[in-house]
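Subject: Structure handover

Hello,

Here is the structure for your files. My notes on it follow below.

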Amino acid sequence: MENQLRAWDRVQIARSAERPTSLDYIRGVFDSFLELHGDRAFRDDGAIIGGIGVINGISVTIIGQQKGRNIKENIRRNFGMPYPEGYRKALRLMKQAEKFHRPIICFVDTPGAFCGMEAEERGQGEAIARNLFEMSSLKVPILSVVIGEGGSGGALALAVANEVWMLENSTYSILSPEGFASILWKDSKRSAEAAEIMKITADDLKHHGIIEKVIKEEEPVSLENIDRVTDQMKQGINDFIAAHKGKDVDTLVKERYDRFRKM
Amino acid sequence: MLKELFKKTTESVSEKKHSKIKEKIARSMNEPEVPEGLFKQCAACGNTVYTEDIIANYHICPKCGSYFRIDARTRLSMILDTDSFIEWNTSLETSDPLEFPGYQKKITHLKKLTGLDEAVITGEGKIKDIPVAIAVMSPDFLMGSMGEVVGEKITRTIETATGRRLPVIIFCCSGGARMQEGIVSLMQMAKTSGALKKHDEAGLLYVSVLTDPTTGGVTASFAMLGDVIIAEPDALVGFAGPRVIEQTIGQKLPEGFQRAEFLLEHGLIDKIVERKNMKQVLYTLVRS
């Protein structure tokens, strides 16, 4: 039945307020999570969370884009749209992971990096660019999982990984279908049509070699049935860590570089 | 838009003459190289100026000093020693990953119109006898947008420069990632940034020059990664375009927002350099 969902349906599911957030998956997958805050320069961005988690006895660094479930939460989370300081916090924690040889697990769920005046003043472009630049050569394995919306450069800034996985009903795109339709057809109402043409679903992107794995949802994941997904995730992350454990640093970095080099 | 601009001058120019000039300008606007039209209209001050005067003045309006956008070949001729340029990475073709309706046709048309093979020219050349690898984005080719070919050409240029231990100079001019190629365009941001990281680790210099406009996925990748970042005066540089921001925040942006001077003030770039001084400043950087 899921296969009959159109891309635009999946866009709606990915954006749904019912959809579990990064913190829900962290609770479901990891034995513990110690949250760490701040970019050490300007502010703690609520749209990105990060810290140290334990899975199967192994410490990992976890970073995720965090959406809120209601208006109050979303004021703090800015609807999952990070400011530059969010990306800088993420990079600080990733560098810390490198120092202490911890694998990095990222959860991607953002409509996009925030498009506001303060974000521009503080260098949104530079913050994203810096993450792409630094992540390309981090000496630890990186896994990114798109759980909801993978919106443009704001998503990519947490997805320069050795492997990128997507939940079945998540999306990953260069721009929202509305934005795409507006730019190319001068008509944002043609967003459903844009969604079909843009190849933004997990299956499409897997087919085109942009991602490594699709995590099945059967029916759209919610807090009620999240176990089905977190079980798969847990197993997958354990396998990922085991597969990358023995690799020397040069191989890890080269594999990540080559992953993007061929695109 | 062109019509609106001309409204300002109709009073001073007779109707017949006006339409003739208009024709010439319309023609010159479509041409990639130095315009053949006798006159050009400055979009900033509205004055009609001799094209020759503009060219002699580094493509800057002699009346008001505002910068005309220039195509990649003109730019190369301003920066590199005469006849020193050797072009690299020609004839790459897009795979049209979305099979976007009309896209291939548009690319073919633009190639013919501009004489370029894509929105960036790459290669090596000399600045006062110092060899450099250089990439120049061209606004006349789909607004310098970055798809798979642009990303690939820039990446190959950086990789070759790393291998040959050359400094890299990139003149950015782009509306951002190219929508028509979808997610593949987005991936070019990671690819180019990764190549720059290797160049950086080899201890080599990368100078990024931001020209009007530099936005979106180009700003959020190689444009902002220079060891030294230079901008042309008044160049628009940002991640989100001004219209998107205005829609997001529901208010008008202040004058000068996202202009080069604004970026300098906010500590995001090293320096604003006038066009006539650009070659000398780049020379100072690459010889250091």
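**The cysteine site in chain B**

Cys64(B) has 12 C-beta neighbours inside 10 Å, so it counts as exposed. Please keep in mind that this is a predicted model. Cys64(B) sits in the loop between helix 3 (51-56) and helix 4 (72-79) of chain B. Leaving out residues up to four places away in sequence, Cys64(B) touches Cys42(B), Ala44(B) and Cys45(B).

Cys42(B) lies in the loop between strand 1 (39-41) and strand 2 (48-50) of chain B.

An unreviewed UniProt entry places the feature "binding site" at Cys42(B), Cys45(B), Cys61(B) and Cys64(B). These residues span 23 residues in sequence, but no two of their C-alpha atoms are more than 8.7 Å apart, so they gather at one spot.

**The contact between chains A and B**

The contact takes 37 residues from chain A and 36 residues from chain B. On the chain B side, the elements giving two or more residues are helix 7 (183-201), helix 8 (216-219) and helix 9 (242-249). Helix 7 of chain B gives the most, with 13 residues. By class, the side of chain B that touches chain A has 22 nonpolar, 11 polar and three charged residues.

Regards

Conventions:
Residues numbered from 1 in each chain as written. Chains lettered and ligands numbered in written order. Predicted model: local features only at pLDDT ≥ 70, side-chain atom pairs only at ≥ 80, totals over all residues. Contact = placed C-beta atoms within 7 Å. Helix = DSSP H or I, 4+ residues; strand = E, 2+ residues; numbered from the N terminus. Nonpolar A, V, L, I, M, F, W, Y, C, P; charged D, E, K, R; others polar. UniProt positions renumbered as here; feature names shortened; annotations may be inferred. Buried ≥ 20, exposed ≤ 12 C-beta atoms within 10 Å, placed from the backbone.
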